[in-house]
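Trainee: I would like to learn how to read features in a protein model. Could we go through one together?

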Amino acid sequence: MAEDVEMVDLDGVSSMTLAKLRKVGLTTYEAIAVTPSREIEDLTGMGADTAQKVTQLARDKIDHGFIPATEVLEQRKLMLRCNTGSPDLNRVLGGGIETCAITELIGEFGSGKTQLCFTLSVLAQQPVEQGGFAGKVCVIDTEGTFIPERIKQIAEARGIDATTILQNVLVARAYNSEHQTILIKNLPQVVQKNNVKLVIVDSMIGHFRGEFIGRGTLSDRQQKIGACLAALLRVAEAFNLAVVLTNQVQAKPDTAYGDPNKPTGGHVMAHACTHRIYLRKGKENTRIAQVIDSPYLPEEKARFAVDAAGVIGCEQ
Ligand code: GTP
Ligand code: MG
């Protein structure tokens, strides 16, 4: 987890190299240490030897070995949880959407994935005492479904100044999977500069599914998705921020029993995401969310509703 070092001071590294690191947002020992040196090369254009040297120096600066679990416990206390708007959903999430983790929202069209992302874009900006992250939000919109008017409506319905909220949501429209990948790889820079505490990718797999057609392209596609997810998890851990991804479901007609709808993205997606939450439509404007895979959250169900204020509790 990031211990905020304003600007690194690495012995024997030239100021030009430091400037290159700073330019791409690699301004903490943690951010440098967790980024593979090959990626530092690509991002900054520095030579392989220099990239390896800075990575090694940064790793030396932080305690990169084994630490007692008690210390891990202390570190995890710094993790924050963001209010989702629904008390019941917060409950099954152990308090809310967590930092240092990737939370994946899975569901068919209209299940509320984007609505929850909009609501989080407002609530994550609230002070920590009020269940927020007190930070900005970065949205990678791959489907053209980012609607600022809806965020404005959600903020206003909650009595929150909508102009400030919209100013603090940084949006990038990703036009294809390569563009999406570049935006993800550049996140450290944006996150660092803007105190971003929530990164949303809505949706994560859409472009990859549309562009990589046929069996022969599958391993290439999965490898590329895997690299994006690894970069997202690094950002989450290095900057103590939350990553929320949306994912559609795909009908598997050969399913003999159980739900025939499977999340897209295969095993790569399943393994990389810390918490997987399955959203389903309920009666009228209600929705059901179920934790389907998590290292410590029980597989419980929660109910929430969607109205003008975005995601709200069903009891409201
Ligand atoms: P895809 O992106 O198509 O996969 O779906 P999604 O899961 O992102 O769906 P989304 O979150 O956009 O949910 C859309 C649904 O939210 C609509 O069908 C409405 O039921 C509900 N919704 C959206 N806006 C409003 C609103 O202003 N008021 C109310 N009451 N419901 C809304
Ligand atoms: Mg959507």
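Mentor: Start with a pair of charged side chains: Glu104 and Arg276 meet in a salt bridge, with N and O 2.5 Å apart. A salt bridge is a side-chain nitrogen of Lys or Arg within 4 Å of a carboxyl oxygen of Asp or Glu. Glu104 lies in strand 3 (residues 101-107) and Arg276 in strand 10 (residues 275-281), so the pair ties together parts that are 172 residues apart in sequence. Helices (H or I, at least four residues) and strands (E, at least two) are DSSP runs, numbered from the N terminus.

Trainee: What kind of model is this, and how are its parts numbered?

Mentor: This is a predicted model, in which local features need pLDDT of at least 70 and side-chain atom pairs count only at pLDDT 80 or more, while totals for chains, interfaces and linings use all residues. Residues are numbered from 1 along each chain as its sequence is written, chains are lettered from A and ligands numbered from 1 in the order in which they are written, and side-chain values use heavy atoms, with hydrogens and water left out.

Trainee: Are Glu104 and Arg276 buried or exposed?

Mentor: Both Glu104 and Arg276 are buried. Buried means under 20% relative accessible area, exposed means over 50%, and partly exposed is in between (1.4 Å probe, protein chains only).

Trainee: How many salt bridges does the structure hold?

Mentor: The structure holds 8 salt bridges. One of them joins Glu39 to Arg234, with the closest N and O atoms 2.8 Å apart. Glu39 lies in helix 3 and Arg234 in helix 13 (residues 218-238), so this pair ties together parts that are 195 residues apart in sequence. Glu39 and Arg234 are both buried.

Trainee: Into which domains is the chain divided?

Mentor: The protein chain has domain 1 (15-62) and domain 2 (76-312). Such bounds come from an automatic or database domain assignment. The centres of domain 1 and domain 2, taken over C-alpha atoms, are 28 Å apart. Their contact takes 12 residues from domain 1 and 8 residues from domain 2, where contact means heavy atoms within 4.5 Å.

Trainee: How is the size of an interface given?

Mentor: The size is often given as the accessible area lost when the parts come together. Buried area is the accessible area (1.4 Å probe) that two parts lose on being put together, summed over both. Between domain 1 and domain 2 about 790 Å² is buried, and carbon and sulfur atoms give 57% of that. Val34, Glu39 and Leu43 supply 40% of the area that domain 1 buries against domain 2, more than any other three residues. The count of salt bridges between the two domains is 1.

Trainee: What should I look for when a residue sits inside a domain?

Mentor: Look at its accessibility, then at its neighbours. Ile106 lies in strand 3 and is buried, with a relative accessible area of 0%. Ile106 and Gln248 are 142 residues apart in sequence, yet 5.7 Å apart in space, C-alpha to C-alpha. Not counting residues up to four places away in sequence, Ile106 touches several residues, including Lys113, Val249, Arg276 and Ile292. Thr103 also lies in strand 3 and counts as buried at 1% relative accessibility.

Trainee: Where is Leu198 found?

Mentor: Leu198 is in strand 6 (residues 196-202) and is buried, with a relative accessible area of 1%. The C-alpha atoms of Leu198 and Lys136 are separated by 6.7 Å, although the two residues are 62 residues apart along the chain.

Trainee: How many residues of helix 7 are buried?

Mentor: In helix 7 (residues 113-123), 10 of the 11 residues are buried, and the helix is mostly covered. Among the buried residues are Leu116, Phe118 and Val122.
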